[in-house]
Amino acid sequence: MQSRPTYPSMSKGLEIKKLILQGFNSFRHLKHVHAHILRLSLCQDNYLLNMILRYSFDFSDTNYTRLVFHQIKQPNIFLWNTMIRGLVSNDCFDDAVEFYSLMRSEGFLPNNFTFPFVLKACARLLDMQLGVKIHTLVVKAGFDYDVFVNTSLVCLYAKCGFLEDAHKVFDDIPEKNVVSWTAIISGYIGVGKSREAIDMFRRLLETNLVPDSFTVVRVLSACTQLGDINCGEWIHKWIMEMGMVRNVFVATSLVDMYAKCGNMGKARGVFDGIPEKDIVTWGAMIQGYALNELPREAMDLFLQMQRENVKPDCYTVVGVLSACTRLGALELGEWATGLVDRNEFSCNPVVGTALIDLYAKCGNLARAWEVFKGMKEKDRVVWNAIISGLAMNGYVKISFGLFGQVEKIGIKPDGNTFIGLLCGCTHAGLVDEGMQYFNSMDRVFSLIPTVEHYGCMVDLLGRAGLLDEAHQMIRNMPMEANAIVWGALLGACRIHRDTQLAELVLKQLIELEPWNSGNYVLLSNIYSTNLKWDEAAKIRLSMNEKGIQKSPGCSWIEVDGIVHEFLVGDKYHPLSEKIYANLDELTKKMKVAGYIPTTSYVL
């Protein structure tokens, strides 16, 4: 029979408890208090040790917690639960499952505090077999009506791809809470059923429950996946009504949703309304500008962020590098990379890929290769970046060799890999090799070519002068050709002066892009070149009736780290007079040298 604790031991225990409840300012401090427990011979006090274990996990030192636990002679269910919970919270899912098995072998029956965490471990490990066994035990132990246990089961089945089973468990929950609804909504999003996720959110709003910020962020991600800006605007309105827009987590998700749906005006409106922006918010807006081909705006916002003394993270720098790549601003990009830890570029594939892309598209293949070689983790995206970079810069044979290495090391190529290879074949005029790679996608790698791959092939055939074959490929495509595909054929028509086919192509482009002034201008010029004055006049009249104006040409140049932007005919630049004077001088010298400009396709 265990003796009752004496008054001195109780007093010591209360003293230690007081010390523990004050918290720890370091792991060393925690170990010092633990040593105090050992000196006072309280090393088997489960209550005090449970508190030590919980705080130890906060410092993410799972080795120390194991050592403490294994020295306990008679751990109770609370200690087992603390260990399983702590291991799961520190992403040690295999260890959590191992501790669960040890607990069961010691004869302990899990309770409603054990099940949610061990089920989370099973979900993260995709261990459906153990999950089903635990589900059976949940029913036997009488916890099948516990909302937290059932919510964990919903997450398990959804994460493992068994959405129908997840829904059955969800439907059987008598009193669902917000976490239960979020679990099933996340389950639908996880398997790509974003529309169903939004429908479940609508059902949630019909109950008396109020979704939390995490639920709202998840459903906004579903709108982003669908590109459904109307649905996103409806949720935005609800957020405003509920006063959630001041939540930086929710507001940042709105910025991201609008940006990825292409509405940068609304994204900026939400962004400007956030009182306290964090680095994730700044990054979402900068990446949004870069994604929507507004590199100048991305750089302006980044410089504003710098003025406000916000330190960029690696993902913000990825957006900046993307903008610099678009602008051809190599010096500016290199300056931005100096604002984050250089190790990020060798250890983080996302950041390293952005830097490879910048160097490659700015023509500095030596630096691109240097970054590639220095990367510790090379995933498929990294390989794609260097293959595409080499191919675009004329090193096609080397890119072919790298593709062979990708196969040897066991990385399966994807659609982007072949876009890089096909673009390389296009620039080098390698029609046969391009056809071989294109055909191998389906036959060898079980990849279905997309409209982008067909666009590359049309470009390859067209540039090689095989216009009929290129046109035939468009007619044989299993999907409707988009403006990019027809544009590739148009480019070939211009190179090989096939005005008859160009006329047909431009009619297709005007149907696909009725707002694009360039197509009307080119078709009008073709009619004029072929003396079809009436048709040319009709095109210009159509442009006027539809209110379509020719978009001015725009270019950028970087000088000493500063990006200068120019529009056709503008005089906004402070050095405009000198620039035009130099251009006039160059034009005179070119005429003397015998240069005659091509004007047949200029309005």
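Asn309 counts as exposed, because its relative accessibility is 71% and the cut-off for that word is over 50%. The model is predicted. Asn309 lies in the loop between H18 and H19.

Now step back to the whole chain. The protein has 34 helices and two strands. It has 603 residues, and 46% of them count as buried. Its accessible surface comes to about 32300 Å². Carbon and sulfur atoms own 53% of that surface. Contacts across the sequence matter for the next steps. Take the contacts between residues at least 6 apart in sequence: 59% of them join residues at least 24 apart.

What kinds of side-chain pairs link such parts? Start with charge. The count of salt bridges comes to eleven. One of them joins Arg66 and Asp95, whose side chains meet at 2.7 Å, N to O. Arg66 lies in helix H4 (residues 62-70) and Asp95 in helix H6 (residues 93-105), so this pair ties together parts that are 29 residues apart in sequence.

Another salt bridge joins Glu233 and Lys266, with the closest N and O atoms 2.7 Å apart. Here helix H14 (residues 229-242) supplies Glu233 and helix H16 (residues 264-272) supplies Lys266, so parts 33 residues apart in sequence are tied together.

Arg326 sits in helix H19 (residues 314-327), while Glu293 sits in the loop between helix H17 (279-291) and H18, so the pair ties together parts that are 33 residues apart in sequence. Arg326 is partly exposed, with a relative accessible area of 44%. Glu293 is partly exposed as well, at 49%.

Next come the rings. The structure holds 18 aromatic pairs. In one of them, the ring centres of Phe302 and Trp335 are 5.9 Å apart and the planes stand at 75°, so the pair is edge-to-face. The pair links distant parts of the chain. Phe302 is in helix H18 (residues 295-307) and Trp335 is in helix H20 (residues 330-337), 33 residues apart. How does cover differ between the two? Phe302 counts as buried, because its relative accessibility is 0%. Trp335 is partly exposed, with a relative accessible area of 38%.

Phe400 and Tyr437 form another aromatic pair, and this one is tilted. Their centres lie 5.1 Å apart, with 50° between the planes. Phe400 belongs to helix H25 (residues 396-408) and Tyr437 to helix H27 (residues 431-443), so the pair ties together parts that are 37 residues apart in sequence. Phe400 counts as buried, at 13% relative accessibility. Tyr437 also counts as buried, at 14%. Both labels follow because buried means under 20%.

The charged end of Arg202 sits over the ring of Trp234, 4.2 Å from the ring centre. The charged end of Lys277 sits over the ring of Phe271, 5.0 Å from the centre of that ring.

Finish at the surface. Which residues form a nonpolar patch there? They are Leu583, Leu586, Met590 and Tyr595. Together they have about 390 Å² of accessible area. Met590 is found in helix H34 (residues 576-592). Met590 is partly exposed, with a relative accessible area of 37%.

Technical notes: Residues numbered from 1 in each chain as written. Predicted model: local features only at pLDDT ≥ 70, side-chain atom pairs only at ≥ 80, totals over all residues. Heavy atoms only, no water. Patch = residues over 30% accessible without salt bridge, like charges linked within 9 Å, V, L, I, M, F, W, Y side chains within 5 Å. Areas by Shrake-Rupley, 256 points an atom, 1.4 Å probe, with all protein chains shown as cover. Salt bridge = Lys/Arg side-chain N within 4 Å of Asp/Glu carboxyl O. Helix = DSSP H or I, 4+ residues; strand = E, 2+ residues; numbered from the N terminus. Buried < 20%, exposed > 50% of the residue type's maximum accessible area, 1.4 Å probe, protein only. Phe/Tyr/Trp six-rings, centres within 6.5 Å; stacked < 30°, edge-to-face > 60°. Lys NZ or Arg CZ within 6 Å of the ring centre and 35° of its normal. Contact = heavy atoms within 4.5 Å.
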